[in-house]
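Try each one before you read its solution.

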There are 2 protein chains.
Amino acid sequence: MSISTRAAAAMLLAGTCLAAPAVAEEGMWTYDNFPAAKMQAKYGWAPDAAWLKHAQLASIRLAQGCSASLVSPDGLVMTNHHCARGCLSQLADAKHDYIANGFYAPTEADEKKCPALEANQLTDITDVTAKITAATEGKSGPAFHEAERAAIAKTESECGTASDVRCQVVTLYEGGVYDLYKYRRYQDLRVVFAPEETIAFFGGDPDNFTFPRYDLDTTFVRIYDHGKPLHADNYLKFATTGVKDGDITFTSGNPGRTDRDDTLAELEFQRDDAQPFLLNLLSELRGVLNEYATKGPEQARTSNTIRFSVENTLKAYKGRQAALVHGSLMTDKASAEAAFRKQVAADPKLATADGGAWDAIARAELHSRDIFVRDLLEDQLLRLLSPLLSHAVQLNRYAAEVKKPDGQRLEEYSTANFPALKQQIDSPAPIYPEQEKTILAWWLTKLREYLGTGDADVRALLGRQSPDEIAASLVDGTRLKDAKFRAKLLEAGPAAIDAYHDPLIDFARKLDTPARAVRKDYEDNVKAVVTKNAALIAGARFALQGKSGYPDATFTLRLSYGTVAGYQQNGQTITPITDFAGAYAHATGRDPFKLPPTWDRAHAAVNLKNNLDFASTNDIIGGNSGSPVIGRDGNAIGLIFDGNIQSLGGDFGYDGTANRAVAVDVTAITEALRHIYHADRLAKELVP
Amino acid sequence: MSISTRAAAAMLLAGTCLAAPAVAEEGMWTYDNFPAAKMQAKYGWAPDAAWLKHAQLASIRLAQGCSASLVSPDGLVMTNHHCARGCLSQLADAKHDYIANGFYAPTEADEKKCPALEANQLTDITDVTAKITAATEGKSGPAFHEAERAAIAKTESECGTASDVRCQVVTLYEGGVYDLYKYRRYQDLRVVFAPEETIAFFGGDPDNFTFPRYDLDTTFVRIYDHGKPLHADNYLKFATTGVKDGDITFTSGNPGRTDRDDTLAELEFQRDDAQPFLLNLLSELRGVLNEYATKGPEQARTSNTIRFSVENTLKAYKGRQAALVHGSLMTDKASAEAAFRKQVAADPKLATADGGAWDAIARAELHSRDIFVRDLLEDQLLRLLSPLLSHAVQLNRYAAEVKKPDGQRLEEYSTANFPALKQQIDSPAPIYPEQEKTILAWWLTKLREYLGTGDADVRALLGRQSPDEIAASLVDGTRLKDAKFRAKLLEAGPAAIDAYHDPLIDFARKLDTPARAVRKDYEDNVKAVVTKNAALIAGARFALQGKSGYPDATFTLRLSYGTVAGYQQNGQTITPITDFAGAYAHATGRDPFKLPPTWDRAHAAVNLKNNLDFASTNDIIGGNSGSPVIGRDGNAIGLIFDGNIQSLGGDFGYDGTANRAVAVDVTAITEALRHIYHADRLAKELVP
C-alpha cells in the first residue's frame, strides 16, 4: 500500500531517465527496447526476439494493481497471495475462512470464480508517436492538451472497443514516445489454490521488506474463456531444480511508478519535509492503532486492515527515506543534474526554452513546503484515516460538483469517474464506529497540533469542543454509517444531498472550504508549475538522448534482468537463498511467526533442503508483485513477492549493491503442493 | 525534559564558540565577560559594573535544574510553577491538591517548607586558570587528567567547605578557562504562592513551545536563613508598567547545555540518524500511551508523567531538527568550519597537532551510525521507558560493579555516585504494572523491528515467546515492584543480589551482556575519539581567538540581552505581547484550554488589557526556566518560562530572526495576585 500524497504525485510528472551511468542491472525496460547488446556484453548471452515474445505473452497484468504469469497450457495463472487476497475474502463465508485456512480445488468443478479479478495479456506494442505528434504539432498550452487527448482517444478506439480488448496509449519518456499497448482482457478468473495467510505472509510486519524470508506468498487462479479453461500457447514451464547463487534472472511485470527523473529540488522536498512529516505522523497513528487493538478481539479484528496499511506504508517510507539520506542517490542526482543543465545551457535553443525549468520547480517546491501539511491533514489523508468522513466529504462534493459543466469539476467528480465514485460511496465495507471515533479524535488533535490552536481552520473545525466530543458527535449522529442510506442519498441526487443534515455531513461542509482552498493552492502553484517545467526538462533530455534509457514506470509491462545475489547489511553478508529448514527454524509458534498446522504436520515429509525464497538484483517496485522470475531457458524459476527495504529507494534510483527483489523459488511451490498440501492435480499440471 | 542519548552526550564534549559572525542578540555571556561595548554599539547603552553585580546577586539557581530571582528584601524568590511542581506535589495530601487548586499562604506562618528545594546564589567568580594549568603543565593523557582533577579539588576545598557554601571550578572554553564559582547555598525554602496548574500550563501540550501564549507559569517561594526570612540586599523590584515592543530585555539564568561548537559531522549524525530515529520512535510511543490513557481514568492518571515527558521531548527534537534541516545553521556551520580549518592549516604548529581532528570525529560519527539504535534500545532509553526494568538492570550491575576497584567501574556505580544510585533504586515512586507491561511489550517489538528477527540479541531476549507474554511474565513475576524490597536487596549487598532470581532480574542479566558490549563499543570508538579530538579543536580555537566569544552553556549563570520582539512564521506576523483578554478568548472550557474557576469568576474584575505574556530575542535554553527578565532600569519585567519551537534549535546555534524566549509579564503577576487570587500580602510585598 502506498499513500499518494499530492506532493508525491507531483513527482510522478517529471522527466525521463537518469543521465548518471547506470549499473548493469538497473532498468525497467519496455519489451520493444530491451538492451540486449548491453546484457550480452556483461553476461555473454542475451534473450532473442522469440524468447522475448514468449515471455511477453506469458505475462499477465492484474488490473487491480499486480502482476502474474501463465504457467500451464490450460490458463493457469500464478500470482501472489496478497494479490488475490480480496477474492479469497469475498468468497469466504461463516463456514469457510479461506484467508486463515487456505483454499484448494481438487477438481476443476471446485474452482471458484473471483468476483472482481481482471487479467490483461499484452499482445501488441505499436509506436504511435508520429500519429499523436502530427495532431499536436505547432500547438501549445490547452490547445496542445486538447489535441493530444483527442488523438489518443481516436487511436485507442480505432484499436478496438470489444469488451475482450483493452487498448491504451502509454506516454513514455514524458511525451517523447507514445506507444499503443493492446491487451487481451479476461474477466472470468477462478481460484485454484491458496495457502494459509500465516505462511503466505509468514513473519508479518517484522519481516515485511526484509531478507532472509520464508514465505509461500502464492495463489493460483485459472483464466476461463467462454466458460472453459483458456488454452494458452505461451506459458512458462515450471523449473524443476532450484535457483543457485549467480543464476541469471528476469522479472516480467508491471512496476507501478517510479520518480527517478525528479529534480534535486523535488527530492529535497521529499527528504526534508514530506517524508519526515509522514513518518512521524504515521508512527504515532501506528502506536494509537496497535494499542487500540489491545482493547479486545473485536478491536483487533476491525483495525487489522488499517494497521497493515499504516505499517506497510511506514516501512516503505523508511526505505525511501534511507535511500535519500544515506545512499549516494542525492549526490549522484546532484552531479547528473548539474551535468545535464550544463549540456542544456550549451545549446542555445534548449537553453532559452528549457534552462529556467529547474529553478521554477525549486520555487514551487518551496511553496509546497508551506502548504503540504495542511493539504495532507485537511484532505489527502482522510481516505486512509476515516472512510466515514470520506463518504461525507464525497457526497457533499459530489452535490456541488455535479452542478458544474464536466470540464470544470474536480477530476474525481467527472462523469467518466462517476462509476468509481459510486462504487466508493456505495461500498458495503463495514464502518466501525468505535474505531472511527478513535481515529477522528486523534486526527483532530493533529490538526490542532500541526496547524496551531490559533489557526482559522482549526478554530472553525474544533470550536470550543474537545476532539473526543466532536468525534463522538460526528460518528453517533450520522446515518452515513449505513451503506444503503448512502447509496440512496447518492441516487436521490444533489438537491437531496444538500437538504440532508447531520453532524457529520455538516462538519464535512465546514471542512470543504479550507480543504478546497489548499487543494487549489497546490494545484495552481505547485502541480501546474512542476508539470509544465518537468515536461520542458524531459523535452530537452529527449532531444539530447532519445530512447537510450528506460522510461519511468507506468504500470505497464517491463522486463528487468539480473542475477540471484546476496548483499551486505550492517557489516553482515546476507546469503541469497533460504530453504524449508529455515522456515521451521524461524517459527516460534507465536503470531506472526506461527506456521500453519499443515506445515507442522508435514515437517518430516518435506525436503528441508529444498529452496524456499531467494533474493535477486532485479530492478522492481510496487506493481511487480506476482511477477514471474524467468530463467535463461525461459522457464519460471521464481515468483516475486517483495523487495528488501533498500529496494524501496528504487522509487528514486537503483543501487545494485543493496537493492534486492525477493521471490519464492518455484520448486518450493511444487514441494509444498506435493508434500504439505497434497494438491496433486495442481502439482501435476505445473510439472507434468 | 530532554533525553540525553550517548550520541547526543558526545556532542556536549566538543569545542568552544562559533567562528561565524554572531547577530547582536546571540550569546549566553558569563557575568565576568559581558560584551558591554558590543551592546553599547547597537543600543547606545549598556549596563555598568554596578548594574551587573546587582543582577548577578539577585539571580538564584535552583539546584534541581532551574533558574530564579530574589524579588523582595525579605528573601522572596520568583520562579516557574513547573520548577516548583515537585514541592507542591510533595506537600499535597488527600485533602489538599496544590497542583490542581494552587497554594497561597496568607501569613508568614502559613508558608510551607519544600522538602527538596535548594537555592544557590552566585557571589564570586574568580579566574583560577593559572593555578590549574600550573598543575597540569607538561603533562598529557591520564597524568594530565589526574593532575587537573587534583588541582580542581584542592581549589574547591580551599574556597570553602561549610554547608552554606558551594564552590565549583567550571571548565569553560573546553579547558581554555577555569573559573571558580562560589555560591551561597540555602536549603530552607518555603512556598508562598502557586496558581492552579491549568493556568500555569494553560494550553498544555498543544501550546507548549509556541507563541502567542497565555500562561501564568509562576510560583513564589521564600528563602529562610536560620529560621527567619532571608534579608536580601540585592533583589529585583517589580516593574509596575508592562513591557512594550522593542524594550531592552536581559535574562539572567542558568542555561543547561548547548552544542554550538559541535563539528559538522556531529550535526550531520544528529540530523540524519539520531534525531529522525528518536522522532519516529517517540511518535509511536506517544500514540501507544495516549491510546492507553483512554482505557480508563486510572490509566490516564498513571501515564500522565511519561506522556508529558514523551510529548515534551518530541517537541524539543522537532524544534532541533527543524533548525538543522531548514535554518541556515548547517550551511553557516559548514562555512565557519571550513574557514577555521583553513586558519589552523595555515599555522604549522596547530596544523600538525590539531589538523586531523575533524576527520577523526567524522569517522567516529560514521561508527556511531552503526551502533546507536542498539545502544538506545538496549540501554539508553530504558530509564524513560521502564522504571521497573531499570531497577533490575541497576541492581544487577551494581552487584557486578561493586566488586571491582572504584576506578574500573562504570561511572554511575562509583563510590561517589552511590548515594544517587541508592536514591534511584529506593525511590518510592509508584510502579504501574499494567503500564509497565504495555511499554515493555512495545519495547520488545521495537527491539525486534529495529535489530531484526535474526539478530542474536533479539533471539536471546525474545526466544520463542511473544512480546506480550514476556512482558507479562517479567512484571507479574518480580518482587522488584516493591520499593522496600529493592532497598532491602541493595542493602543486603552483591552476594544477596546475585543469589536473588526472578523473571525480571534474570531478564536484566540476559540483557546485560549485549547492552554492555554496545556501550563499550560506543565509549571506546565514539566517545573517546570525539572527546580527544574536540579538545584538540578547542585548543586550536582558544589559541587563535581567546575569550572573544561566549562558552557553550554549563548550567552556570549567564546574562543574555535582547528586546521584546515578534517574528514571522508561515508567512504570518506573530506580535510579541498577549493580554488577559487573549487568555479568555483562547479558553474553550475543555482541557487543556480550561481556565480555573478563579479566573472565570474574576473575568469582570481583571484589567483585560493588562499584558500577560511576551516574546523576546534573548538567547536561552533549558535551565533558563524561571530566569527573571530584567529591564534597562534593573527591575524585574518578566519571568522566562518557555521558548518558541524555533528556539530549540538554540542547542546548535542562535537565529535572531525566529528564536524567541517566552516570559510572563510581571505586571500580569501583580494583576492576578490582586484581582484573581486576592493575595494582597504577596502583592504588597512585590509592589509596596
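**Exercise 1: Strand partners**

Work out how strand S17 (residues 577-579) of chain B and S18(B) pair, and over how many bridges.

*Solution.* Start with the sense: S17(B) and S18(B) are antiparallel, with two bridges between them. Strands here are DSSP runs of E with at least two residues, numbered from the N terminus, and two strands pair if DSSP finds at least two bridges between them. Next, pick out a bridge: B:Ile577 is partnered by B:Phe614 in S18(B). Then look at S21 (residues 661-665) of chain B, which runs antiparallel to S18(B) and is joined to it by four bridges. There, B:Val662 of S21(B) sits opposite B:Ala615.

A word on the source: this is a predicted model, where local features need pLDDT of at least 70 and side-chain atom pairs count only at pLDDT 80 or more, while totals for chains, interfaces and linings use all residues. Residues are numbered from 1 along each chain as its sequence is written, chains are lettered from A and ligands numbered from 1 in the order written, and side-chain values use heavy atoms, leaving out hydrogens and water.

**Exercise 2: Two copies**

Find the rotation that superposes chain B on chain A.

*Solution.* Superpose by least squares on C-alpha atoms of residues with pLDDT (the predictor's confidence in each residue, from 0 to 100) of at least 70 in both copies. The rotation is 180°, with 0.1 Å of shift along its axis and an RMSD of 0.2 Å. That is how a two-fold axis relates copies.
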